[in-house]
Amino acid sequence: SSGINAEYGGRVAGKEQVSTSMLEQLVLAPEEDLVISLSVTPHQEGNLTIAALNYHLVSTKSVDPVNKDASVMENMIPGRISLFPRGPRLNNTKEQRVGEVYGVDNRLNLLVSPPLPRLEID
């Protein structure tokens with residue numbers, strides 16, 4: 001089976017392999033926490049590994065104190081978070097118990113299979 005590369009737009013030889021969701025802008029107040037949902041939709045069969053999240057941090061400066069929505073970008077800092085989570089802690093041998101040894105985590109390694117027929121029961 002072929003691999004799907006979602007990085008850099010998920011294209012190989014001009015063919016789009018995946019669609020990804022993207023937030024154009026997200027403004028957070030100081031000390032604010034926010035949960036966001038992002039999605040990846042594969043367009044072909046194969047192995048899909050979600051490896052990283054790329055983003056840009058932008059600091060803004062308010063132009064008009066009355067109109068808080070009016071702002072100007074001051075600095076843009078690119079960032080990347082690698083998404084290779086550790087698997088479960090292994091504890092079977094003395095070496096594993098003494099050292100910090102972890103198993104493989106395959107939650108972000110997906111097998112994209114062809115569409116299957118739907119079965120409906122009345």
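This is a short chat about a predicted model of one protein.

Biologist: What should I know before looking at it?

Modeller: It is a predicted model, where local features need pLDDT of at least 70 and side-chain atom pairs count only at pLDDT 80 or more, while totals for chains, interfaces and linings use all residues. Residues are numbered from 1 along each chain as its sequence is written, and side-chain values use heavy atoms, with hydrogens and water left out.

Biologist: How many helices and strands are in the protein?

Modeller: The protein has 1 helix and 9 strands. Helices (H or I, at least four residues) and strands (E, at least two) are DSSP runs, numbered from the N terminus. Along the sequence the pattern reads β-β-β-β-β-β-β-β-α-β.

Biologist: And what share of the residues is buried?

Modeller: Of the 122 residues, 10% are buried. Buried means under 20% relative accessible area, exposed over 50%, and partly exposed in between (1.4 Å probe, protein chains only).

Biologist: Which residues make the nonpolar surface patch?

Modeller: Leu23, Leu26, Leu28, Leu34, Ile36, Leu38, Leu53, Tyr55, Leu57, Ile77 and Ile81 make it, over about 950 Å². Areas come from the Shrake-Rupley method with a 1.4 Å probe; for residues, only the protein chains shown count as cover. Patch residues have over 30% relative accessible area and no salt bridge; nonpolar side chains (Val, Leu, Ile, Met, Phe, Trp, Tyr) are joined within 5 Å, like charges within 9 Å.

Biologist: Which strand gives the most to that patch?

Modeller: S7 does, with 3 residues. Strand S7 (52-62) and strand S8 (71-82) each supply at least two.

Biologist: Where does Leu28 lie?

Modeller: Leu28 is in the loop between strand S4 (18-20) and strand S5 (40-42). Leu28 counts as partly exposed because its relative accessibility is 45%.

Biologist: Changing topic, how many salt bridges does the structure hold?

Modeller: There is 1 salt bridge (a side-chain nitrogen of Lys or Arg within 4 Å of a carboxyl oxygen of Asp or Glu). Asp105 pairs with Arg107, and their closest N and O atoms are 2.6 Å apart.

Biologist: Is Asp105 buried or exposed?

Modeller: Asp105 counts as buried, since its relative accessibility is 16%.
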